[in-house]
Amino acid sequence: MKRKLISAIGVAGMMISLAACGGDNGDGGDKAGADGYAGETLTVWVMDGSSPDQWQKDVQTAFEKKTKAKVKFEVQQWNGIQQKLTTALSEENPPDVFEIGNTQTPAYAKTGGLADLADLKTEIGADWTASLNESSIFDGKQYAAPWYFANRVVLYNKKVWADAGIKDTPKTRDEFYADLKQIGEKTDAEPIYLPGQNWYHFVGLTIGEGVQLVKEQDGKYVSNLDDPKVAAAMETYKKFQALSKAPKDKDEATPQQGEVFGKGNVGAFIGMGWEAGIAIKANPKIEKEIGYFTIPGATADKPEGVFLGGSNLAVAAGSKKQELAKEFLKIALSDKYEGELAKLNGVIPNKEALQSNLKGNVVAEAAAPAAAGGGTTPLIPEWAAVENAPNPVKTYMTAVLNGKSPAEAAKQVEDEFNKRLAQQQ
């Protein structure tokens with residue numbers, strides 16, 4: 001499921017009960033007059049890899065049966081999509097419905113490109129998982145609908161863990177750390193590969209601490225890296241990173257951590273499920289040794305905080321077919337077709353009741369428990385500039401790992417961080 005989730009994705013929960021359509025199977029319901037929307041065609045943009053052909057076919061059949069209208073799916077490439085979508089939304093005939101990255105949604109909402117979907121939320125979104133729906137809300141209004149999501153897990157080498165005498169996967173952060181220490185003491189393997197700038201995992205740790213990386217001060221957003229809870233998250237990261245030989249000034253893609261893990265002498269790494277494919281490509285023999293588990297939190301009853309990558313579905317404010325677009329969303333976001341997408345793609349659906357569709361998918365089963373407690377980078381349009389290289393959050397992390405206190409490192413990057421937040425959007 002390697003799509004840009006998850007800013008990664010990253011990256012990145014779908015479909016809900018259809019009470020208004022005579023149940024939650026997505027097939028029934030009232031039509032708009034005897035002929036419905038006969039003669040109309042709805043244009044839907046989906047990203048490459050997001051929705052399998054079978055899902056599109058099934059949703060299309062249900063939509064056309066219910067509305068008498070046609071639906072045209074147009075698959076878009078991730079490269080250049082933000083500019084393409086920005087241009088399309090400013091034109092006379094934008095796509096009626098489109099997939100949009102969850103962390104990108106606020107920027108499009110701010111510029112007026114998205115239709116208000118408050119009525120849709122009331123009708124079908126009562127039990128959308130709150131953490132997954134958060135990115136669809138801007139200034140208190142519902143501008144999109146949560147579609148699908150994914151988050152990081154622990155990928156581990158079963159042989160290395162067995163060689164260390166570890167029989168079960170850990171359920172708490174302390175147990176996780178103890179297991180890694182045991183690997184270091186009883187085997188020649190590197191306990192964990194954790195580069196100094198795996199910043200999406202760090203974001204997850206801040207989410208687990210219940211703190212954001214920005215705060216509002218005097219009517220504007222500024223850095224919140226000096227918050228004690230951010231420091232606590234960084235200290236957790238530093239504790240685990242000390243068990244790794246990975247460079248302190250590189251991220252998980254430099255080199256690809258999957259390739260390092262694929263050499264067979266690393267106990268674990270924290271990443272997206274699809275990164276197992278990188279390891280297997282580097283060393284096919286390792287496939288049988290790869291296992292997955294939820295990133296453990298401070299207590300066994302609550303997994304570690306995770307960054308949620310994923311996508312929402314939105315309706316263009318400039319669409320002339322907004323009511324028809326909402327009829328599409330009622331079907332696409334029904335239990336029947338949300339569950340189908342979750343099962344086919346192994347993505348986290350937009351409500352917990354549908355996670356049963358993930359049964360048998362070991363990666364998704366490891367990821368799903370953390371979704372309810374997950375979150376994102378700050379959902380403000382100003383945030384985008386912060387992520388541009390050199391990312392000041394990465395600079396902060398490396399500074400701490402190289403010996404500065406969290407407070408000193410926060411002060412070091414504060415001016416640059418705030419300068420980026422102040423850029424015109």
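A charge sits over a ring if NZ of Lys or CZ of Arg is within 6 Å of the ring centre and within 35 degrees of the ring normal. In this predicted model, Lys-239 lies over the face of Tyr-177, at 4.4 Å from the ring centre. Lys-84 places its charged end over the ring of Trp-45, 5.3 Å from the centre.

**Ring pairs**

The structure holds 17 aromatic pairs. Two of them are set out here.

| Pair | Centre distance | Plane angle | Class |
|---|---|---|---|
| Trp-161 and Phe-293 | 5.7 Å | 70° | edge-to-face |
| Tyr-200 and Phe-307 | 4.7 Å | 45° | tilted |

Trp-161 lies in helix H6 and Phe-293 in strand S12, so this pair ties together parts that are 132 residues apart in sequence. Trp-161 counts as buried, at 2% relative accessibility. Phe-293 is buried as well, at 5%.

Tyr-200 belongs to helix H8, and Phe-307 to the loop between S12 and strand S13; they are 107 residues apart. Both Tyr-200 and Phe-307 are buried.

Ring pairs also link Trp-55, Phe-63, Phe-73, Trp-147, Tyr-148 and Phe-328 into a cluster.

**Cavities**

The largest cavity holds about 80 Å³ of space. Helices H7, H8 and H9 each supply at least two residues of its lining. H9 gives the most, with 3 residues. The lining has 8 nonpolar, 2 polar and 2 charged residues. Among them are Arg-173, His-201, Tyr-237 and Glu-304.

The second largest cavity holds about 50 Å³. Helix H2 and strand S4 each supply at least two of its lining residues. Its lining includes Met-47, Trp-78 and Glu-99. By class, that lining has 6 nonpolar, 3 polar and 1 charged residues.

Notes. Residues are numbered from 1 along each chain as its sequence is written. This is a predicted model: local features need pLDDT of at least 70, side-chain atom pairs count only at pLDDT 80 or more; totals for chains, interfaces and linings use all residues. Side-chain values use heavy atoms; hydrogens and water are left out. On a 1 Å grid over the protein atoms alone, a cavity is a set of points where a 1.4 Å probe fits but cannot get out, and a pocket is an open set with protein on both sides within 12 Å along at least five of seven lines; lining residues have an atom within 4 Å of a point. Grid points are joined across faces, edges and corners, and a volume is the space filled by probe spheres set on the points. Helices (H or I, at least four residues) and strands (E, at least two) are DSSP runs, numbered from the N terminus. Ala, Val, Leu, Ile, Met, Phe, Trp, Tyr, Cys and Pro count as nonpolar, Asp, Glu, Lys and Arg as charged, and the others, Gly among them, as polar. Rings of Phe, Tyr and Trp (its six-membered ring) pair if their centres lie within 6.5 Å; planes under 30 degrees apart count as stacked, over 60 as edge-to-face and the rest as tilted. Buried means under 20% relative accessible area, exposed over 50%, partly exposed in between (1.4 Å probe, protein chains only).
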